[in-house]
Amino acid sequence: MELVKDAQIAKAIILSPDFETYSMANRYRELSRRTAMDFSATIKLLEHLPVFIGGENHQRIRKVMAKQISRTKESQLTAVHQSLGDLFQHCFRPAAKIDLVADFAQPLWRSVSASIVPRDDKILDLVDEIPGLFSPILSIRERAKINEKIATFLQSNFDAEDEDECLILLCLVSLGARPFVGTLSLSLYEIFRSHPNLPMCEVSWPEAFPSSSLTYVDRMCQATTDYTGLQLEKGDRVRCVTQSPLYSVDENRRALFGFGAHTCLGKSISERVWSLVTDRLSKSDLRGECVGIEMSPHDDPFKMPIKIEIRLH
């Protein structure tokens with residue numbers, strides 16, 4: 001696998017028709033052949049995740065997702081305002097010790113995503129588990145458990161007139177879970193870590209997320225080529241680094257939500273949430289002290305904190 005750590009070259013490869021998306025479904029087809037285990041439910045779901053598909057199917061699925069996001073825009077904003085009001089009241093208090101993941105970012109995402117796609121507690125759990133399927137170190141046993149849950153979901157919607165749309169909407173909220181929760185909690189951690197003794201009202205809050213849970217994008221070379229000095233063969237996997245401390249602030253910011261046809265569908269609501277969160281915190285006299293951070297080992301392709309504890313003073 002080739003690693004591209006130049007912002008401009010990475011963007012060019014991501015947008016180039018000479019490269020296609022990395023198929024996670026094909027990875028599970030290979031796994032199924034190798035282990036003689038049935039991962040058909042997982043494969044079906046992965047073929048509905050825009051991040052791992054391209055072409056006409058990608059366009060069709062993104063269109064359904066975009067319509068759902070558009071038609072629920074007002075509900076999303078209502079959910080954000082209500083959830084933030086409750087969370088700030090319960091979490092951001094003097095002498096409180098909170099987990100930015102479990103106590104803040106995750107409940108906020110669940111509120112927002114429920115306004116986009118209504119669902120029950122079982123679906124909530126499945127949404128949180130689906131991104132684990134992308135990890136190269138997840139055990140076969142855990143993959144099989146998640147596959148079984150997806151199969152149960154598919155079976156429960158088998159007779160539905162809009163079965164395909166049900167799966168697409170499940171993918172929609174699954175795709176947003178780790179990018180939203182990870183990026184929000186990691187960004188707040190970065191702010192508190194870099195301003196350990198400063199009241200929040202004195203912090204220069206950035207307009208955009210200063211950290212991201214998605215730091216690279218994989219592409220597959222479609223033909224033997226010499227691309228900007230890279231000697232590539234057909235079928236080579238290229239990892240394009242999109243977020244890096246070596247990049248400028250502007251380069252990281254421009255790549256925050258992706259490029260072209262794969263631009264994040266949650267860009268608008270994510271930016272709105274960050275604006276509301278920072279506006280609220282910028283009016284607080286509290287100081288945030290970072291106590292500790294624990295990252296998930298399953299960080300492919302999303303960096304995901306398990307826990308980020310801060311103490312408020």
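Predicted model: local features only at pLDDT ≥ 70, side-chain atom pairs only at ≥ 80, totals over all residues.
**Entry 1: what sits over α4**

I started with the cover on helix α4: the elements over its buried residues include α5, α6 (100–116) and α9 (163–194). Cover here is by contact, meaning heavy atoms within 4.5 Å. Helices are DSSP runs of H or I with at least four residues, strands are runs of E with at least two, and both are numbered from the N terminus. Residues are numbered from 1 along each chain as its sequence is written, and side-chain values use heavy atoms, with hydrogens and water left out.

I then listed the buried residues of α4, which are H58, I61, R62, M65, Q68 and I69. Looking down the axis of α4, I find these buried residues within an arc of 120 degrees, so they line one face of the helix. The arc is that of the directions from the helix axis to the C-beta atoms. As a reminder, an α-helix has 3.6 residues a turn, so residues three or four places apart point the same way. On the other side of α4, I noted E56, Q59, K63 and R71 as exposed. My cut-offs are under 20% relative accessible area for buried, over 50% for exposed and partly exposed in between, with a 1.4 Å probe and protein chains only.

I also checked the length: α4 has 17 residues and reaches 25 Å from first C-alpha to last, close to the 24 Å expected at 1.5 Å a residue. That expected span is 1.5 Å times one less than the number of residues.

Which residues does Q68 touch? Leaving out residues up to four places away in sequence, Q68 touches I116, L169 and L172. Q68 belongs to α4, residues 55–71, and it counts as buried because its relative accessibility is 10%.

Next I looked up C91, which lies in helix α5 (residues 73–91). C91 counts as buried, because its relative accessibility is 8%. With residues up to four places away left out again, C91 touches A96, I98, D103 and L312. I also took the C-alpha to C-alpha distance from C91 to F104: they are 13 residues apart in sequence and 7.6 Å apart in space.

**Entry 2: strand β7**

I moved on to β7 (residues 237–241), which is mostly covered, with four of its five residues buried. Two strands pair if DSSP finds at least two bridges between them. Strand β1 (residues 2–4) pairs with β7 in the parallel sense over three bridges, and R239 in β7 is the bridge partner of L3. Strand β4 (residues 216–221) pairs with β7 in the antiparallel sense over five bridges, and there R237 in β7 is the bridge partner of M220.

**Entry 3: cavities and pockets**

How many cavities of 30 Å³ or more does a search of the whole structure find? The search finds two. On a 1 Å grid over the protein atoms alone, a cavity is a set of points where a 1.4 Å probe fits but cannot get out; a pocket is an open set with protein on both sides within 12 Å along at least five of seven lines; lining residues have an atom within 4 Å of a point. Grid points are joined across faces, edges and corners, and a volume is the space filled by probe spheres set on the points.

The largest cavity comes out at about 900 Å³. I find 46 residues lining it, with L175, P179, L214, C264 and F302 nearest its centre. The elements giving two or more residues to this lining are α4, α6, α9, β4 and α11 (267–281). Of these, α9 gives the most, with eight residues.

The largest pocket has a volume of about 480 Å³. It has 20 lining residues, and the closest to its centre are F209, P210, S211, Q243 and N252. Helix α10 (residues 249–254) supplies the largest share of that lining, four residues.

I found a cis peptide bond joining D300 and P301, with omega about 0 degrees. P301 is in the loop between β8 (288–295) and β9 (305–312).

A36 is not a glycine, yet its phi is positive, near 60 degrees. I placed A36 in the loop between α2 (24–35) and α3 (40–46), and at 73% relative accessible area A36 is exposed. A95 also has a positive phi, about 70 degrees, although it is not a glycine. A95 is in the loop between α5 and β3 (97–99), and it counts as exposed because its relative accessibility is 66%.
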